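Reader: I would like a close look at a single part of this model, with the cut-offs behind each term spelled out. Please take the part in its setting and then go through it slowly.

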Amino acid sequence: MDNLIGGISHLSTDVISQDEDFWDNVRGGYRLKPDYINLENGYYCFLPQEILENYIHHLREINYQGSYYMRTVQWENKRKAAARLAQLAGCSAEELIITRNTTESLDMVIGGQDWKAGDEAVMAEQDYGSMLGMFRQVEKRYGVVNKVVSIPNHPSSDEEVVKLYENAITPKTKLLMVCHMVNITGQILPVRKICDMAHQRGVKVMVDGAHAFGHFRFSIPDLQCDFYGSSLHKWLSVPLGAGILYVKKEHINSIWPVFAPFEDKADDIYRLNNVGTHPVHTLLAINNAIDFYEKIGAERKEARLRYLQNYWTSKVRNLPHVVLNTPADPVRSCGIANVGIKGMKPTDLADTLLKKYSIYTVAIDGANVHGCRITPNIYTTPNELDKFVKALSDLG
Ligand SMILES: Cc1ncc(COP(=O)(O)O)c(C=O)c1O
């Protein structure tokens, strides 16, 4: 990999994003199933061999060290990995912990608020089911009132989206949840503008960044949000079962942790991080995943993912039988897009793509989104996408 990067480092990101020799070499680092073209990397993107081998090494080593590892460097190593993640996120290491996934991160924030009956929360029907479910739980448990908006698939401006959330806020609103990238469509939302608007109204903002971290570049402090959660097993190529939770320093004491810490220290984000004994080899592999990400280069990865999405969407966007549920504007999308065929149920489309064309995708049929979600990754080739475009064209 080092030689590979050395060979292209003089080229512009734009040029590299289309350098098929380079990306073919990256592809060579993955073990790919020959059964189908995998265009569903959104749930979990399996690891390149380099990270997998390191992960197995950590597993063996911790199995060898046993309790000695757990009683000596376990916590120090977790904090070191968290500090590297904080650096990637652009925030202080005192505001970020490693969790097991976005669900743990965000459900702790939702469930851990000091809710009173009549308090209100704002969210969108396009948000993820676990978090919507957690809001329904606090609704039942504490009498919280949930206001659910619906995000248009093709907004005409940031202001249209901001207004949508603003209209749902009342003097009783305490917390607003917003996706950084809507998982079912890949639409990137104007989070900073939503945070600014919400703060003017005294409302805290929790951002669901499950699909953003390791996908496209941003810094959490730039977003000005109060809470941010993401999963590292999606776009950062960390083994299954790792996520992050960012909590703005001033809110650390206000959350009730899911599992109480041994000792509840004020202003210490680790008061939110007691999950008992857990797979610590996964945490060590975070370092390998960050090394891999930095070698590829965050800017190059983002540019390649955007190039791949645009490569196929630009070929089908104007076909009369095709419906694209993702905005074309590069500031509103990156690697993920969603496509439907008029008159065809999304499950039938996914089924046909798999059985007839050997292309694996996932069907989405709800919240005003009817189509298949398409998530390539850096090992995906334009040639594979040509086959997908041909399949979509044939279905007319
Ligand atoms: C937007 C969004 N939020 C949260 C999650 C939950 O992620 P995890 O299962 O890793 O907790 C997902 C998973 O796909 C998601 O797409």
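Author: The domain assignment, automatic or from a database, divides the protein chain into domain 1 (2-46 + 297-394) and domain 2 (57-290). The model is a predicted one, in which local features need pLDDT of at least 70 and side-chain atom pairs count only at pLDDT 80 or more, while totals for chains, interfaces and linings use all residues. Residues are numbered from 1 along each chain as its sequence is written.

The part to look at is helix α15 (residues 346-357), where helices (H or I, at least four residues) and strands (E, at least two) are DSSP runs numbered from the N terminus. At 1.5 Å a residue, multiplied by one less than the number of residues, its 12 residues should span 16 Å, and the end C-alpha atoms, 15 Å apart, agree with that. P346, L349, A350 and L353 of α15 are buried, meaning that 20 or more other C-beta atoms lie within 10 Å of their own, whereas 12 or fewer count as exposed and values in between as partly exposed, with C-beta atoms placed from the backbone.

Just after α15, S358 takes a positive phi of about 55°.
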